[in-house]
Amino acid sequence: MDKNDILLIDKLKNNDPDAMDIVIEKYNQYVVSIISNILYGFTDQIDIQAVTNDVFFSLWKNTDSIDTNRNTSLKSYIAAMARNAAINEKKKKSHYELPLEDHIIGNYSEKYDQIELRDLIMRSLKELKKSEQYILLKYYFQCKTVPEISNELGIPQSTIKTNLRRSREKLKKILIERGYFYES
């Protein structure tokens, strides 16, 4: 740990509220980014802020457990806390059926063609079975890996891969039938 981190942690251990203000100012956006990436599609911005607040509150409460002799930085320590808090929140909110709403697929662009494309994808996804929707949303919009989806559902990875391929083919067919064709 570098000297600045050690000094900051010492101030936190002495319950210096100014030190906590410094930590929050320095790492808030970083923590929000980590939590948002993990919870994307599972929750809204209010819950993400609540988890962020919990991370900093836990840091404040548990500063005595930080070992300044380790070679990790304060940033790494906070990142691990944020990651764990987000994963715990995600486990609380996990369920098999995901509603097809704007916040799941995202609102990446306000350009008309992007809004139209997002709506087309949402309508097309609704024509698939719930299990097909689930796998596509998890894989493409929440960036889950095949092993992660497999663990969540308790289904072999080979089955997930097969279902993913078939679901992708069905979705492609629906999109083409509706007049959408993408050239890469």
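Trainee: What relative accessible area does Lys170 have?
Mentor: Lys170 has a relative accessible area of 36% and is partly exposed, where buried means under 20%, exposed over 50% and partly exposed in between, computed with a 1.4 Å probe on protein chains only. This is a predicted model, in which local features need pLDDT of at least 70 and side-chain atom pairs count only at pLDDT 80 or more, while totals for chains, interfaces and linings use all residues. Residues are numbered from 1 along each chain as its sequence is written, and side-chain values use heavy atoms, leaving out hydrogens and water.
Trainee: Okay, which residue does Lys170 meet in a salt bridge?
Mentor: Its side chain meets that of Glu132 at 2.5 Å, N to O, a salt bridge being a side-chain nitrogen of Lys or Arg within 4 Å of a carboxyl oxygen of Asp or Glu. The two lie in distant parts of the chain, 38 residues apart, with Glu132 in helix 7 (residues 130-141) and Lys170 in helix 9 (residues 157-177); helices are DSSP runs of H or I, at least four residues long, numbered from the N terminus.
Trainee: And Glu132, buried or exposed?
Mentor: Glu132 counts as buried, at 9% relative accessibility.
Trainee: Switching topic, how many salt bridges are there overall?
Mentor: The structure holds 4, including one between Glu169 and Arg165 at 3.5 Å, N to O. Both of these residues lie in helix 9, 4 residues apart, or about one turn of the helix.
Trainee: Which residues are linked in a network?
Mentor: Salt bridges link Lys138, Lys144 and Glu152 in a network; Lys138 is buried at 0% relative accessible area, whereas Glu152, at 33%, is partly exposed.
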